[in-house]
Amino acid sequence: MNKFVWIAIIIALIAPAIFFILLYNSLSPMLQEEIPENVVVGKRLWQSKGCVECHTLFGNGGYNAPDLTKTVEMRGKDYLEKFFAKPPMMRPHKQRKHPGLIEKEAADLIAFLAFVNEVPIIGWPPEHAKSKADNNSNGAEK
Amino acid sequence: MFRWLIRKIFGRRQDNPEGQFKTRALAYPFCTFAILFFGFQVIVVTMGAVELIWPNMPAPVPFRSGRMVHLNLSVFWPLIAAMGSVFYFFPKEAKTELNHLTTVRMLSYLFPLVLAAILTSFVFGLTEGREYLEAIRPFDWAVTFVLLLFSFVLTTTYLKKGVPKFRATLLGMLAGSWSLVLLYLPNMLFYAHPSVDEAVKFWIVHIWEEMSMELFVASVIAAFLLSVTSKHRKATETILLLELSFISVTGFFATSHHYYWIGTPSSWLWIGGIFSTLQVLPSLLLIYVNVKDFKKEEINSLSSAEKMAFGFIFASLFYHAMGAGMLGWILALPFANRYVHGTYLTSSHAHFALFGAFGFFALGFAVYILTKELNASPKDYFRLWISYILLNLGLMIMGVALAIAGTLQGYLWRVLGNDFMHTQELILPYLIIRVGGGVIFTGGGVILAWTIAKLAWRNKRKILFLS
């Protein structure tokens with residue numbers, strides 16, 4: 001019986017050790033990466049406004065609003081600046097508008113979203129039928 | 001049959017008289033508060049769902065505050081109940097009284113107070129802005145303090161003379177309690193890189209549930225079975241040890257299925273896929289432990305409280321295998337996850353796994369401890385069974401509706417490439433069915449909380465003063 005206990009304890013110690021070593025190995029380039037000041041400010045803003053309660057980032061978060069991982073690429077920075085300066089109504093609400101931001105805040109948040117946009121995520125979100133069709137038609141026009 | 005006859009003649013549990021350990025009574029306030037918080041949660045959530053059906057109705061709190069309250073309650077009340085059940089079964093397994101009674105008393109009021117303070121801060125819009133970990137820094141310290149006290153009490157009790165040091169049940173509970181603290185600490189730092197932030201967040205969101213809570217579930221259920229059935233201790237403990245080792249391996253490695261699309265290398269797709277498949281094993285093993293040499297006649301000789309507990313345990317095991325195991329496994333396969341990640345299918349899985357597996361476990365033991373020790377009346381048991389049926393029915397409707405909504409969402413949004421909000425409008429009927437399920441669930445939750453609140457009120461002296 002005691003032998004089994006020792007085996008269980010050793011497994012319970014080795015498993016997390018290997019897991020955290022592997023994870024550290026994967027994350028270490030990101031930990032060493034130098035992150036611009038405005039991106040950090042933008043991330044703090046993202047957190048303090050609680051954006052994640054409705055939106056997702058890397059697909060994690062609230063399901064009531066679109067995923068923002070690739071939003072800079074899809075919408076462009078100009079669109080986002082205008083969005084925060086003059087926030088639109090939140091569908092399907094008829095009275096409630098999306099929270100707005102002052103110019104400086106908007107710039108920081110967009111810098112953060114642009115940083116997220118550049119994070120190399122493999123094959124996600126999946127390229128879907130419509131965007132494939134768009135790409136083809138764009139190619140044809142060119 | 002023979003054993004059953006002997007039991008009928010000589011009475012049950014002659015060899016290990018219950019109530020021998022007075023400190024088990026320290027579990028009552030934990031169980032009461034956990035159930036009250038659960039009752040509060042179902043009401044808050046139903047109010048939140050109203051906004052989904054009538055979007056233009058003025059809401060008392062903003063949506064994001066409501067969601068934060070929902071998420072944090074769903075993590076913390078099962079934890080309070082788990083603490084209570086650990087304090088209840090620990091003395092008997094350790095064959096000794098708990099140490100530091102004042103600390104445990106204090107803890108039983110401190111934790112609910114901290115939770116109430118956290119929820120209040122959400123209403124005022126204070127947030128750390130990380131999903132499930134919204135509590136602001138000072139509250140993080142308070143939670144850490146609470147968890148440290150919990151581990152401290154268990155450890156000092158374990159180190160007392162005469163405690164069987166190699167008991168798997170004790171080791172499981174101890175490992176669970178310390179892992180809670182160790183995994184919480186790194187989550188109090190600020191990570192500038194969003195990928196690192198996501199990776200560390202899942203040490204709580206995933207490992208807390210899939211390892212720490214799972215260790216409590218396995219150990220507490222084993223301790224319960226050893227105390228009410230004629231199970232052989234040595235055999236049960238050997239399987240429990242196997243189970244605990246499995247949990248510690250898959251609990252950590254299956255977290256990899258959260259590391260698919262956050263900027264980590266593609267090797268995590270393999271680790272996540274393989275270990276998420278293996279993760280089904282501990283839940284099946286857990287069922288095997290329970291069903292193995294389970295005797296039908298034993299059910300008849302059980303008291304009402306024990307029957308109630310078995311009902312909740314079987315619900316928990318069912319959702320373990322179905323919601324956490326099978327649905328979680330399908331979700332975690334990289335090629336499926338690519339399309340359904342971040343859809344309502346994840347939400348469906350979260351409801352089945354968090355409430356189905358851990359919620360039913362936590363409620364079951366909280367209800368068992370209170371009804372058994374506070375002498376609930378047959379009327380109470382009747383109401384509790386009604387609430388049990390309503391909770392199961394509501395959860396099933398909710399989970400299935402969310403799963404259909406999520407699958408459709410994955411197809412319409414991720415595969416076909418429709419606009420997010422357009423997809424949302426298309427799947428709205430299923431979300432409304434989900435609210436219907438939620439209302440049934442809330443009915444069950446309110447009946448349960450009300451019955452327990454009345455029971456606790458009748459025995460308030462016992463709960464408050466240990467008399």
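**Notes on the A/B contact and the charged pairs**

1. Let's start in helix 8 of chain B, where Arg233(B) and Glu237(B) sit four residues apart, about one turn of the helix. Their side chains form a salt bridge, N to O 3.0 Å. Glu237(B) is buried, at a relative accessible area of 6%, whereas Arg233(B) is partly exposed at 27%. Keep in mind that this is a predicted model.

2. Arg233(B) also has a salt bridge to Glu93(B), with the closest N and O atoms 3.1 Å apart. This one ties together distant parts of the chain: Glu93(B) belongs to helix 3 (residues 63-94) of chain B and Arg233(B) to helix 8 (residues 233-253), 140 residues apart. Is Glu93(B) buried or exposed? Glu93(B) is buried, with a relative accessible area of 1%.

3. Helix 5 (residues 137-159) of chain B has a pair of its own, Arg137(B) and Asp140(B), three residues apart or about one turn of the helix. Their side chains meet in a salt bridge at 3.2 Å, N to O. Arg137(B) is partly exposed at 25% relative accessible area, while Asp140(B), at 4%, counts as buried.

4. Over all chains, the whole structure holds 14 salt bridges. Two of them cross the interface of chain A and chain B. Have a look at Asp197(B) and Lys43(A), whose side chains meet in a salt bridge at 2.4 Å, N to O.

5. Now the interface itself. Chain A and chain B bury about 6100 Å² between them, with 66% of that on carbon and sulfur atoms. Phe19(A), Glu53(A) and Tyr63(A) supply 13% of the area that chain A buries against chain B, more than any other three residues. The contact draws on 63 residues from chain A and 75 residues from chain B.

6. How many residue pairs are in polar contact between chain A and chain B? The count is twelve, with both residues at pLDDT 80 or more. On the side of chain A that touches chain B, helix 1 of chain A gives the largest share, 18 residues. That side divides into 38 nonpolar, 14 polar and eleven charged residues.

7. Lys70(A) is buried but has no salt bridge, and Glu73(A), the nearest side chain of opposite charge, is 4.3 Å away. The cut-off here is 4 Å, so that pair does not count as a salt bridge. Leaving aside neighbours within four places in sequence, Lys70(A) is in contact with Asn117(A), Val119(A), Ile121(A), Trp124(A) and Pro125(A).

How values were computed:
Residues numbered from 1 in each chain as written. Chains lettered and ligands numbered in written order. Predicted model: local features only at pLDDT ≥ 70, side-chain atom pairs only at ≥ 80, totals over all residues. Heavy atoms only, no water. Contact = heavy atoms within 4.5 Å. Buried area = accessible area lost by both parts, 1.4 Å probe. Polar contact = N/O pair within 3.5 Å; in protein donor to acceptor, adjacent residues only side chain to side chain. Helix = DSSP H or I, 4+ residues; strand = E, 2+ residues; numbered from the N terminus. Nonpolar A, V, L, I, M, F, W, Y, C, P; charged D, E, K, R; others polar. Buried < 20%, exposed > 50% of the residue type's maximum accessible area, 1.4 Å probe, protein only. Lys, Arg positive; Asp, Glu negative; His and termini not counted.
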